[in-house]
Amino acid sequence: MEETDWRFKIAHREAWIGVGLALFNFVWWFGFAYGMGSRPVEEYSYVFGLPDWFFYSCVVGFLLIAVLVIVIVKFFFVEVPFEEEEDSQ
Amino acid sequence: MNYAVLVPMIGFLLVIFFIGYWASRKLSSSSNFVSDYFLGGRELGGFVLAMTMVATYGSASSFLGGPGTAYTMGFGWVLLAMSQVVTGYFVLMILGKKYAIMARRYKAVTMIDFLKSRYDSTAVVLLSAFSIIIFLFSAMAAQWIGGARLVESLTGLSYNSALFLFAVSVLVYVTIGGFRAVALTDAVQGAVMLVGTLVLLIAVIIAGGGIPNIVNDLINENPNLVTPYGAAGNLSAAYVSSFWILVGVGVVGLPQIAVRAMSYKNSRSMHRALIIGTIVTGFIMLNMHLIGVFARPVLPGIEIGDKVIPLIALETLPPWVAGIVLAAPMAAIMSTVDSLLLLVSSSIVKDVYLNYVKPDATLKTIKRISFGVTGLLGIIVFLLALNPPELLIFLNLFAFGGLEAAFIWPIVLGLYWKWGNKYGAIASMATGIVSYIGLHFYNLENGNLFGVHTVTLPVLLSLTAFIVFSLLIGRKAYNYNISAHK
């Protein structure tokens with residue numbers, strides 16, 4: 001019996017990173033939307049004309065996630081071959 | 001008839017046909033027809049991969065239904081739509097490299113191939129094929145209706161002729177070109193969506209006199225429109241958050257998305273697709289739904305949600321630009337339809353016919369059957385769409401939710417949890433589908449149970465079923481290192 005494929009270790013780690021990122025994404029999105037958005041409308045402030053809760057939750061949140069994905073992929077993801085080494089035709 | 005709008009749209013369709021034709025020439029010289037027709041020979045690069053995922057996912061619901069609902073609900077619905085940003089990276093990160101490696105090891109061409117090798121069970125294959133055929137059929141019908149409505153509102157043709165025009169366009173290139181044609185046209189269509197939504201958003205903002213002005217108009221009309229709670233204040237945090245499962249993380253369980261996660265060339269393509277996919281998904285969703293909200297003060301009183309985008313484009317843009325911009329939702333619908341069509345026919349041809357009916361079919365027979373089944377399916381959907389139900393978006397979500405509840409755990413846990421076995425998979429699929437359909441009707445009668453979207457509970461129940469049955473019956477650790485039977 002061979003030992004665990006070395007590529008699986010990398011794959012498992014990257015899948016967990018995906019779960020972590022999604023959780024962070026959710027908390028950011030939820031926190032700003034309902035943290036700031038549940039105030040009365042008169043108390044909202046506006047950034048570039050958009051309600052503040054929306055700006056931070058959806059606009060900043062999206063940009064932040066995009067940057068995080070770039071950083072994670074560039075610095076933490078490892079390139080591995082997908083083909084089997086033993087029986088390559 | 002509006003020729004200034006029609007000409008750019010027809011030009012766009014011609015480009016799409018040309019790509020289909022070009023891809024089909026590559027197909028006829030192929031040595032492995034099944035893998036090429038249904039999977040494009042596993043050679044997608046990063047850009048095409050990202051775009052085909054975005055385009056497949058960004059369907060009529062995000063381009064017509066979604067903005068239409070944002071028009072009535074306000075910013076709360078844009079917030080909900082932004083839960084889709086997660087799909088841009090989540091699917092590829094979760095299925096990721098392990099799925100790519102295992103799919104190659106199993107020589108899997110469809111998602112069902114993967115399940116077949118992982119669980120080694122006829123029941124799993126037939127149950128999956130059955131649910132794909134049933135659920136994706138309703139999704140397809142919904143999309144065709146959306147496409148036909150769009151053609152109808154642009155050309156002034158009757159609904160039936162519009163549907164016919166749309167059906168012919170889709171059928172021609174899916175049938176001849178297969179997955180590669182679909183993926184390549186998706187890339188073009190994705191680019192069209194990206195540019196189209198941006199142009200339209202800018203035009204709407206200008207027409208409304210700037211964002212602060214538009215938001216003021218909204219507050220004057222109804223302050224609830226700028227809160228996260230919807231126009232009537234009835235969008236609860238729990239309900240909106242449950243869309244993270246339906247249109248966010250649960251998308252991992254959608255067969256049309258999962259099949260794309262095994263179609264890329266190498267790790268580099270996957271890495272590029274992660275970045276491009278996240279940015280493009282977020283950008284399109286944000287733009288599209290903001291257009292819906294901003295359209296309200298500019299063009300008040302639109303009754304049918306699906307018509308918001310076509311009407312606002314015709315209102316705010318010069319006709320020929322509107323033609324190009326409206327090619328975007330057209331592109332979204334076509335690319336969703338073509339991938340669904342291909343997927344349903346792959347379930348029939350590859351997963352049922354080749355596995356159980358005639359495993360030793362000749363290449364010629366397979367080709368004939370593949371083209372024939374794809375064409376026949378298109379005709380059946382066309383006939384169903386002739387007499388369409390009203391609520392496009394909900395019909396579509398019904399199919400999505402059902403498939404997610406059925407497949408998410410057999411795929412994800414099959415990939416990562418060695419104790420998962422066929423009893424768990426069967427129980428999980430059955431529980432997911434049955435509880436989804438049951439709860440759907442319960443919620444229609446009594447309002448949403450616990451105030452969350454229908455998909456939430458079935459996903460949790462199918463998880464429980466998967467774990468309990470895997471551990472109770474035939475408990476055995478799976479060895480990921482041995483190759484499947486060849």
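## A helix in chain A

In this predicted model, helix 1 of chain A runs over residues 6–37, and its 32 residues reach 47 Å from the first C-alpha to the last, which is close to the 46 Å expected at 1.5 Å a residue. An α-helix has 3.6 residues a turn, so residues three or four places apart point the same way.

## The fold of chain B

Chain B has 19 helices and zero strands. Its radius of gyration is 22 Å, close to the 23 Å that the globule rule gives for 486 residues, and chain B is therefore as compact as a globular protein of that length. The C-alpha trace of chain B spans about 65 × 50 × 45 Å along its principal axes.

Of the 486 residues in chain B, 62% are buried. When contacts in chain B between residues at least 6 apart in sequence are considered, 85% of them join residues at least 24 apart.

## Where the chains meet

Between the two chains, 44 residues of chain B are in contact with 43 residues of chain A. On the side of chain B that touches chain A, two or more residues come from each of helix 5 (75–81), helix 6 (85–106), helix 10 (211–221), helix 11 (237–248) and helix 13 (267–298) of chain B. Helix 6 of chain B gives the largest share of this side, 13 residues. By residue type, the side of chain B that touches chain A divides into 28 nonpolar, eleven polar and five charged residues.

Definitions and conventions: Residues numbered from 1 in each chain as written. Chains lettered and ligands numbered in written order. Predicted model: local features only at pLDDT ≥ 70, side-chain atom pairs only at ≥ 80, totals over all residues. Contact = placed C-beta atoms within 7 Å. Helix = DSSP H or I, 4+ residues; strand = E, 2+ residues; numbered from the N terminus. Nonpolar A, V, L, I, M, F, W, Y, C, P; charged D, E, K, R; others polar. Rg over C-alpha atoms; globule rule 2.2 N^0.38 Å. Buried ≥ 20, exposed ≤ 12 C-beta atoms within 10 Å, placed from the backbone. Expected span 1.5 Å × (residues − 1).
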